[in-house]
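Student: I would like to learn how to read a few backbone and packing features in a model. Where do we begin?

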Amino acid sequence: MTTLPLVETPRIPVVTSYHGVDVTEEYRWLEDGTSDDTIAWTKAQHHLTRTYYDAVPWRDTLRARVEQLLKAERTTYRSLMSGGSTYFALKEQTPRQQPFVVALTDLGDTAAERIVVDPNAIDPSGETAIDWFVPSPDGGRVAVSLSEHGTEDGSLHVFDVETGEVLDEPIPHVNLLGGSMAWRHDGSGFWYTRCADPAGFRQQVWLREIGGAQHRLDVAEGFADEVIAENVLSASLDGRWLMDRVQKGDGGDWQVFIRSQDPDGAWWQLADIPDKCAYAVLGSDAVYVLSRRDAPHGKVLRLPLTEGATVADSREIVPPSHLVIEDFAVTHGTLWVADMDGGPQQLRAFDLDGGLLSTPEIPPVSSVSSYFARLSRLGPDRIAWRCESFTEPPTWWVAADGEAPRPTALATTSPVDLSGYEVTREFAVSRDGTHVPLNIIAAPGSPRDGTAPALLTAYGGYGISLVPTFDPERLLWLEQGGVLAIANIRGGGEYGQEWHHAGRLATKQNCFDDFIACADHLNDTGITSRGRLAIIGGSNGGLLMGAVLTQRPDIARAVVAAVPVMDSLRSETTTNGKFNTTEFGTVEDPETFTALLAYSPYHNVVDGTRYPAVLMTAGENDTRVDAWHAKKMTARLQAATSSGQPVLVRLEATGHLTGSLDQSIEETTDIYTFLFDQLGLGSQLVAAKRQATS
């Protein structure tokens, strides 16, 4: 075993008093990423981490396999939209570093597709990315938010679809932790979000006339100047109306505002936070709302699209049921509803009065709507969805009013074949008796004698559901005889609002209890054993990793926490941390402070404890979770652990789980090198290479 260099980390006590409770920490100085001391410490940690990897003799072999899987020719289409008779998609095609926007005239044939906006041509370094794009109603223009170095601080560019030329000057700061825009019906201008103070966010809605007057602030009374407000803009297809769904923090509280697109149009409030309107869609003469008021699983309401209308004027057209309504879209004559039952999804079609028309056939344990690819309306009478599973890559499907669904040519092509692996659903029992779903992916006949290596992951926050998705990277683990386990713990939305609310604010501990129960289930049923189990999570899932490793240091052999929140008491001092207070709570409230202190990973590290091997990652340009979370936790664990196992931090000049393809290959290589090394899988990797070359 290589002796890793010791990083001397000064311990400088700082005491903060919360509601009469004095909390002492020793590494707050690492929060200043520009100080000479922090820069020197970061360089020393980089040297330590690279020393660890340089001592692994088979890392290059693994990297070659990672590059083979992730850089081999693969095509997938992410979001899909329409403008006029043209379809627009965000296309990912390796070995290009970043996805790009393409235009198509026929969803059944991609031969004539053409590139409209390519960040790879704009920035050959691969460090410019598309945050989002919106085509104009006639398809002649497309607005694109472009950001650099993973910052997500996007500038809005308007491109002519035919010539590729940029119209007018780019608009800075339209996207930071989220952003949106909506076109005027004739394409002569658009409404967009803009950060009045990028350092403090403060998002506002502005109107821009192309080639004409200056930008104009378009204020909806009661929200535009608030610090904690994210605006999601959309327009009706007939061009008469503009809607702004305003999220008040990241905890799932929404307001809905609407205005006419007429120059003298005025905003009115259609729904407030108590109405629990999780989503809304503009039809031609009505507004459709997904409400969870008195319906934790959701119900769809319809109300007339007339000035001054509110949800009090609505009527229920899709009642609540045992299924969770995750998403919906409306065409000229059909309401399409994506339902979920603990993760897997199905689709139902209704007429606009709520009469059931059909239930399109969706394969079991599949998804049709995810956080990144929702149901998409394509023109007045057509709907599209991306169907995929854990083992089958995604394909976009379309259906028109009165026609049967059909697959499009927008299907993922990949050299990675996961179809030979099995997916089973099992349930772990949490501390309070709650049954928690576990998706188990493994080769047929995998042993249940505790010998198989297993990798367990979860998220559990913001009401975000871990639905079945296809990920070629999973083959790295599966082909070593490993088992993958994906847990649908509380804090997500897999069983509706109640499932989410049972894992937020003062009940956040349920998330950690659920995950621990899933790890115990894997061990108790022989799927794996403690010494053969690794756990991994990112962002809020990184917080999950930090909490469970401090509460149960014996939980696993190795832990990977990517871009994690680790100091729950200081998180809200950051820009995005303010938005997270509606999900996690605030130290200003005595009840949620008590809960935060009880699970904050950084504050619950105990000196002399035998902690497992830990790898943390962080992006120095991350605007969602500041890199100092991982730095402070690294320093604390390195000082405390008595196990002799490595505690490493991998820092890079990227953003929040973002980066170019090459950066992803390097990070993936390092994560799996760490996991394989800790679980003893490196020798069989080398053996497999020898067999392949002999």
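Tutor: We begin with handedness: a crossing is left-handed if the near helix is turned anticlockwise from the far one by less than a right angle, and right-handed if clockwise. Keep in mind that this is a predicted model.

Student: Which hand does the crossing of helix 1 and helix 11 have?

Tutor: Helix 1 passes helix 11 in a left-handed crossing. The axes of helix 1 (residues 36-54) and helix 11 (residues 661-679) come within 11 Å, and they cross at roughly 60°. The two helices are therefore oblique to each other.

Student: Which residues make the contact?

Tutor: Helix 1 contributes Arg50, Tyr52 and Tyr53, while helix 11 contributes Asp670, Ile671, Thr673, Phe674, Asp677 and Gln678. By class, the residues of this contact divide into four nonpolar, two polar and three charged.

Student: Now the sheets. What holds the strands of a sheet in pairs?

Tutor: Strands of a sheet pair through backbone hydrogen bonds, in either a parallel or an antiparallel sense. In this structure, four strands in the order 3-4-5-6 form an open sheet with antiparallel pairing.

Student: Which strands stand at the edges?

Tutor: Strand 3 (75-83) and strand 6 (114-117) do; each has a single partner strand, so one side of each is left without a neighbour in the sheet. From one strand to the next, the twist averages 35°.

Student: How many bridges join strand 4 and strand 5?

Tutor: Strand 4 (residues 86-93) and strand 5 (residues 100-104) pair over five bridges, in the antiparallel sense. As one case, Ala89 has Val102 in strand 5 as its bridge partner. The loop between strand 4 and strand 5 holds Pro95.

Student: Is the peptide bond from Thr94 to Pro95 cis or trans?

Tutor: That bond, from Thr94 to Pro95, is cis, with omega near 10°.

Student: Let us turn to phi. Where does Asp294 lie, and what is its phi?

Tutor: Asp294 is in the loop between strand 20 (286-291) and strand 21 (299-304). Its phi is positive, about 60°, although Asp294 is not a glycine.

Student: Is Asp294 buried or exposed?

Tutor: The cut-off for exposed is over 50% relative accessible area. Asp294 has 73%, so it is exposed.

Student: And is Val563 buried or exposed?

Tutor: Buried means under 20%. Val563 has 5% relative accessibility and therefore counts as buried. Val563 lies in the loop between strand 37 (558-562) and helix 8 (575-584). Although not a glycine, Val563 has a positive phi of about 35°.

Definitions and conventions. Residues are numbered from 1 along each chain as its sequence is written. This is a predicted model: local features need pLDDT of at least 70, side-chain atom pairs count only at pLDDT 80 or more; totals for chains, interfaces and linings use all residues. Side-chain values use heavy atoms; hydrogens and water are left out. Two strands pair if DSSP finds at least two bridges between them. Axes are lines fitted to C-alpha atoms, for helices over the stretch in contact, and angles run from 0 to 180 degrees between N-to-C directions. Angles under 35 degrees count as roughly parallel, over 145 as roughly antiparallel, 65 to 115 as roughly perpendicular and the rest as oblique. Contact means heavy atoms within 4.5 Å. Ala, Val, Leu, Ile, Met, Phe, Trp, Tyr, Cys and Pro count as nonpolar, Asp, Glu, Lys and Arg as charged, and the others, Gly among them, as polar. Buried means under 20% relative accessible area, exposed over 50%, partly exposed in between (1.4 Å probe, protein chains only).
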